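Please look over the sequence and the model shown below, and keep both in view while you read.

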Amino acid sequence: MRKITLIGAGSAVFTRGLIADLIIEGGEWEIRLVDINPDNLEIAYLLAGRMVEATQAPITVDKYIDRTEAIPNSDVVVTTIAVGGRRAWETDVFVPRKYGIFQPVGDTIMPGGIFRALRTIPPMVDIANDVARLSPNAYFFNYANPMAAICRAVRKATLTKIVGLCHGVPGVERYLASFIGVQHDRCRFLAIGMNHLTWFLKFEVDGKDAWPLVREKYAALEKEGKPYGNAPDDPISWELFHVFGAFPAVMDRHVAEFFPQFHRTGEHYGKTLGVDRFSFENTIERGDRGFAGMADQAFGRTPLPDNIRQRKLGEHEQLVEILNALREDAPKQYSVIIPNEGQVTNIAKGFAIECPALVSKDAIKPIHIGDAPTGIRATVEKALLTIELAVEAALERNKNKLLQALIVDGSVKSISEANRLADEMLQAHKDF
């Protein structure tokens, strides 16, 4: 029976999806749920128990407030923490709005991502040190955001070989295949970048370059009066594709945040980012509603869905496949967030990049890419350097590094505004 410890188990989505995947996979698992919020932990624990009981899966579930009781002898440790939860996340987005800075997500870059990094990096470093001390042979996967900042900070400050996972690249793979009407299993992709700005450099169908098919389909839709193809909410992604010759994941909701110069007042092709384009309030409301629904199922107020054994897509989707691939001799390719060890030769080593890797028995080996095109390199390195400053600010408790991150990011209009925003956000998040 393999042992998996999930830290941050009070997630509204991830825990339920992971439990379902482990049930579908059919293996014997001991699941250790950890959360510092006892109410959220109880909901996750009861829901997991009901799912296991309903399917008679060979799985046991335990719960822990203290992670140091759960980590020892783990085969796998997974982190999904969100320091301050959705209420702190609201602060990340709503305070910058007062300065004319609009974000649809606010979990990766721009002020929201930078301050989320300040909250999340210290506890993640503590968790990583506990993993290294209590279960040094465990695989350590992270799903918490800001992904690049966390993975970089943990690798810088600890000996733990954390690996980040995100479902964005697999999602855009399916999107591109669907766009030209071909089966996903006929396609091959090559994507590199920083998480949430990961560029598809290659897209092949049956071994042949598929970008001409993408451009042909786009032109046909444009003639039908459908600008930006069949994704009217993603004009920046499509315009970047035409300029850079590579397609950015994960579409405008995330990608727009890496180009704040395009939306100084939140303007996004006639709408406002985070307001009536990718409404942030709706995202929060869906999260609150989803967690309430999870609680209703946990306490038996509503029945479990009939499709527990049906594979669902989402943040959790690659994890079980990767865990199984780590036990097999046949390498399989996945998109992961790991340090650049030279697989992208013209981006600085050590930065946490999203790139393809071959996963096989006890190994996650990056695929050599070579030089990134200059334009792609420029967009990714700017973001990585902004994140590097945020990481240094968090690890050193250095306010000047924080101000440098805000300035390099490019969202603030002046140095004095960076100072005012930093002071207000630090005060708002002082408890975290």
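The second largest pocket has a volume of about 600 Å³, where a pocket is an open set of points on a 1 Å grid over the protein atoms alone, a 1.4 Å probe fitting there with protein on both sides within 12 Å along at least five of seven lines, and a volume is the space filled by probe spheres set on points joined across faces, edges and corners. Of its 23 lining residues, E173, H184, F189, Q333 and Y334 are the closest to the centre; a lining residue has an atom within 4 Å of a point. Two or more lining residues come from each of α7, β7 (187-194), β8 (197-205), β13 (332-339) and β14 (352-360), and β7 gives the largest share, five residues. Helices (H or I, at least four residues) and strands (E, at least two) are DSSP runs, numbered from the N terminus.

This is a predicted model, in which local features need pLDDT of at least 70 and side-chain atom pairs count only at pLDDT 80 or more, while totals for chains, interfaces and linings use all residues. Residues are numbered from 1 along each chain as its sequence is written, and side-chain values use heavy atoms, with hydrogens and water left out.

Helix α7 covers residues 168-179, and its end C-alpha atoms are 16 Å apart, which agrees with the 16 Å that twelve residues should span at 1.5 Å a residue, the expected span being 1.5 Å times one less than the number of residues. Nine of the twelve residues are buried, so α7 is largely enclosed by the rest of the structure; buried means under 20% relative accessible area, exposed over 50%, and partly exposed in between (1.4 Å probe, protein chains only). Among the buried residues of α7 are E173, Y175 and F179. Just after α7, G181 takes a positive phi of about 75°.

How many disulfides does a search of the whole structure find? The search finds zero, a disulfide being a pair of cysteine sulfur atoms within 2.5 Å. The sulfur of C166 is 11 Å from the closest cysteine sulfur, in C151, which is too far for a bond. C166 is buried, with a relative accessible area of 5%.

Lastly, N145 lies in the loop between β5 (139-142) and α6 (147-157), and counts as buried at 13% relative accessibility. Its side chain joins that of D107 in a polar contact of 3.2 Å, that is, a pair of N or O atoms within 3.5 Å, of which, within protein, one must be able to donate a hydrogen and the other to accept it, residues adjacent in sequence counting only if both atoms are side-chain atoms.
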